[in-house]
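Subject: Structure handover

Hello,

Here is the structure for you to look over. My notes on it follow below.

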Amino acid sequence: MSPTTFFSADYPEARAKFLSACAERGLDVDSRLNPHAKGARGEDLFMDIARIGSKEASKILFLMSGTHGVEGYCGSGAQIGFLREGYFADLPDDVSVVLVHAMNPYGFSHDRRVNEDNVDLNRNFLDFSKDDRPHSDYSHIHAHVLPDDWDGPARQAANKQLALYIQEHGMRTFQAAVSGGQYQHADGIFFGGHQATWSNQTFRAVLGDYAGAAETVCFIDFHTGLGPYGYGELISLGSLDQKALVHNWFGDEATDPDAGTSSSAPVVGTVGHGVADVLQNAAIAFIALEFGTRDINQVLTALRGDNWLYHKGDFGTELAERIKAEIRDAFYPDEDEWKKLIWTRACEIADRSLKGLIDAR
Ligand SMILES: [Zn+2]
């Protein structure tokens, strides 16, 4: 089957394909309804979970899609491919694979990177009971990230200010200020939230239900938007122990935002940081498998535009349509070549992760 058929045109199609591929494999699906939001077509939104292999397995591979909503086309395509192509059909008794489809189904359905609260789920895994929100330089640029208009003088002036900031501080510092995660501006981009979101709480419950007694757990969380077109970078996230395990399995191919070896800036409150809270006795390898799409400036502009539209823009206009087309393209290049690259790399990483798990003591 051509891998291009694994990918979908919208969230309802992706969900339907995932459910039917699970049914064909004889897998039960555990569907957790998001009671706080509806999809772009008024549909209900679910995080769907399916397990291949034994309930009692001590080693578990989690394959997750849609942590960043619109990025879900990529991971969903890989998950559906694994199911249809008979992957993980003969696992050892002590190994299972858990597929989590649409971690952030609102963003997937609405072609947004954020969830229904404008929160970046991959910055939302902080301990909000403590007071120490990480410092961010985002406040210095927020007004320029979100100008009053998107096709007039305010946008032009804001772009000039951002260009000046980059000139003065460098692209790397700018990227960190924009994307590192911020907790001050709820109408900004890469906002981590003020409390654990529905997706966060639901995923924590899923972890407890599916991996509460596990000894070794590997997470492959599919992302898009950074790095070379169609290449899947293995970004290691979480604690030093977690990163050491990933390095053990993947060597120097695994990159580390904190060490400056990744296309990602250092980030806080990631899902990778969150899993250790729930699975305190497990050895954990957490990888954000990050597939490149378009040039970083194009991606950031698309994110700014989408954020502007939801806070200051009008829907039903030609401008709104253009903005939505741009964010979708920035995170889901709807091109056969890209989908084939995704599928090939996804298979390779799934095989290598499984080998790491099987060989783990
Ligand atoms: Zn992402």
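This is a predicted model: local features need pLDDT of at least 70, side-chain atom pairs count only at pLDDT 80 or more; totals for chains, interfaces and linings use all residues.

Where do Glu71 and His223 sit in the fold? Glu71 is in the loop between strand 3 (59-64) and helix 2 (72-84), and His223 is in strand 5 (residues 216-229). The pair therefore ties together parts that are 152 residues apart in sequence.

For reference, the ideal angle for four tetrahedral donors is 109.5 degrees.

Phe222 is placed in strand 5. Its relative accessibility is 1%, so Phe222 counts as buried; the cut-off is under 20%. Leaving out residues up to four places away in sequence, Phe222 touches Leu63, Met64, Cys74, Gly75, Ala78, Phe82, Leu289, Phe291 and Ala346. Take Cys74 from that list. In sequence, Phe222 and Cys74 are 148 residues apart. In space, their C-alpha atoms are 7.0 Å apart.

Ala78 is another of those contacts. Ala78 belongs to helix 2. It is buried, with 1% relative accessible area. Beyond its neighbours within four places in sequence, what does Ala78 contact? The partners are Phe222, Trp343 and Ala346. Ala78 and Met64 are 14 residues apart along the chain, and 9.7 Å separates their C-alpha atoms.

Now a helix pair.

Helix 7 (residues 198-211) packs with helix 9 (residues 271-278). Their axes are 10 Å apart, at an angle of about 45°. The two helices are therefore oblique to each other. The crossing is right-handed. On the helix 7 side, the residues that meet the partner are Phe203, Arg204, Leu207 and Gly208. On the helix 9 side they are Val271, Gly274, Val275, Asp277 and Val278.

Ser109 lies in helix 3 (residues 105-110). At 2% relative accessibility, Ser109 is buried. Not counting residues up to four places away in sequence, Ser109 is in touch with Tyr11, Gly39, Ala40, Arg41, Glu43 and Leu45.

Asp111 is in the loop between helix 3 and helix 4 (142-145). Its phi is near 50°, a positive value in a residue other than glycine. Asp111 is buried, with a relative accessible area of 12%.

Phe190 also has a positive phi, about 55°, and is not a glycine. Which loop holds Phe190? The one between helix 6 (171-179) and helix 7. Phe190 is buried, with a relative accessible area of 5%.

Best wishes

Conventions. Residues are numbered from 1 along each chain as its sequence is written. Side-chain values use heavy atoms; hydrogens and water are left out. Helices (H or I, at least four residues) and strands (E, at least two) are DSSP runs, numbered from the N terminus. Axes are lines fitted to C-alpha atoms, for helices over the stretch in contact, and angles run from 0 to 180 degrees between N-to-C directions. Angles under 35 degrees count as roughly parallel, over 145 as roughly antiparallel, 65 to 115 as roughly perpendicular and the rest as oblique. A crossing is left-handed if the near helix is turned anticlockwise from the far one by less than a right angle, and right-handed if clockwise. Contact means heavy atoms within 4.5 Å. Buried means under 20% relative accessible area, exposed over 50%, partly exposed in between (1.4 Å probe, protein chains only).
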